[in-house]
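Dear colleague,

I am handing over the structure that we spoke about, and I would be glad if you could look through it alongside the notes in this email.

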Amino acid sequence: MSQSQNQNPFQIVFNTYENIAECIHTRFSSFFPSSSSSTPSTSTTSVGNLVIAQPSGENLTKSNSARPVTKEELGRSTWTMLHTLAAQFPDRPTRQQKKDVKELMAILSRLYPCKECADHFKEVLSVNPVQAGSQAEFSQWLCHVHNIVNRSLGKLTFPCQRVDARWGKLDCKERACDLEGDHKL
């Protein structure tokens, strides 16, 4: 049994977040100078093997001060993570990867922090079972499901033929963002 098959789905998601964060940091680090005079001081927090940089207290402004996340912010963040996961999903997923993504969606429909949202997502999943036979199929299915949720909220829908342009694969060095192969999750 592979290491990823022994991990629970949440650990896989956290590890994927870590890889995505590293890729994003690598991609955008060239846009920001690294000199200490222009960089605000930060502290770090560890969650498992994930390290999160946070601004130090004296640099917090009213706009980014500590406060609970809103339902809208949680939704946007969740959709960002899911679409990024779908963009990185393998073209030829293993049975385990297909099972994991279906299980992840089921877990979200049960444990999502917004009960109303979780219940709605469970209804959406019952009518639209997860389609994860390939990266393209999973990305299109997720776009379709996201549009169902958006319509129910009175929001605009996204043209799913443009999903790859909006949520294409991350540009990561040495395939560090891949979900397939022998790369560390």
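Predicted model: local features only at pLDDT ≥ 70, side-chain atom pairs only at ≥ 80, totals over all residues.

Residues are numbered from 1 along each chain as its sequence is written, and side-chain values use heavy atoms, with hydrogens and water left out.

The chain holds seven helices and two strands, where helices (H or I, at least four residues) and strands (E, at least two) are DSSP runs numbered from the N terminus. Along the sequence these elements follow the pattern α-α-β-β-α-α-α-α-α. Of the 185 residues, 33% are buried; here buried means under 20% relative accessible area, exposed means over 50%, and partly exposed lies in between, with a 1.4 Å probe and protein chains only. The accessible surface of the chain comes to about 12,300 Å², and 55% of that belongs to carbon and sulfur atoms, the areas being from the Shrake-Rupley method with a 1.4 Å probe. Among contacts (heavy atoms within 4.5 Å) with a separation of 6 or more, 58% are between residues 24 or more positions apart.

Helix α5, residues 115–127, has 13 residues and reaches 19 Å from its first C-alpha to its last, close to the 18 Å expected at 1.5 Å a residue, where the expected span is 1.5 Å times one less than the number of residues. Its buried residues are Ala118, Phe121, Val124 and Leu125. Seen down the axis of α5, these buried residues fall within an arc of 120 degrees, so they line one face of the helix; the arc is that of the directions from the helix axis to the C-beta atoms. The face of α5 turned away from that buried side carries the exposed residues Lys115, Glu116, Glu123, Ser126 and Val127. The buried residues of α5 pack against α3 (71–88), α4 (95–111) and α6.

Helix α3 has 18 residues, and its reach of 26 Å from first C-alpha to last is close to the 26 Å expected. The buried residues of α3 include Trp79, Met81, Leu82 and Leu85.

The structure holds three aromatic pairs, a pair being rings of Phe, Tyr and Trp (its six-membered ring) with centres within 6.5 Å, counted as stacked if the planes are under 30 degrees apart, edge-to-face if over 60 and tilted for the rest. Phe138 and Trp141 form a stacked pair, 6.1 Å centre to centre with 15 degrees between the planes. Both lie in helix α6, three residues apart, about one turn of the helix, and both are buried. Ring pairs link Phe89 with Phe138 and Trp141 into a cluster. Elsewhere, the charged end of Arg166 sits over the ring of Trp167, 3.9 Å from its centre, which requires CZ of Arg or NZ of Lys to be within 6 Å of the ring centre and within 35 degrees of the ring normal.

Asn147, also in helix α6, is buried, with a relative accessible area of 7%. Leaving aside neighbours within four places in sequence, Asn147 is in contact with Thr157, Phe158 and Cys160. Pro159 is in the loop between α6 (135–152) and α7 (163–167), and counts as partly exposed because its relative accessibility is 29%. The C-alpha atoms of Pro159 and His144, 15 residues apart along the chain, are separated by 9.1 Å.

With kind regards
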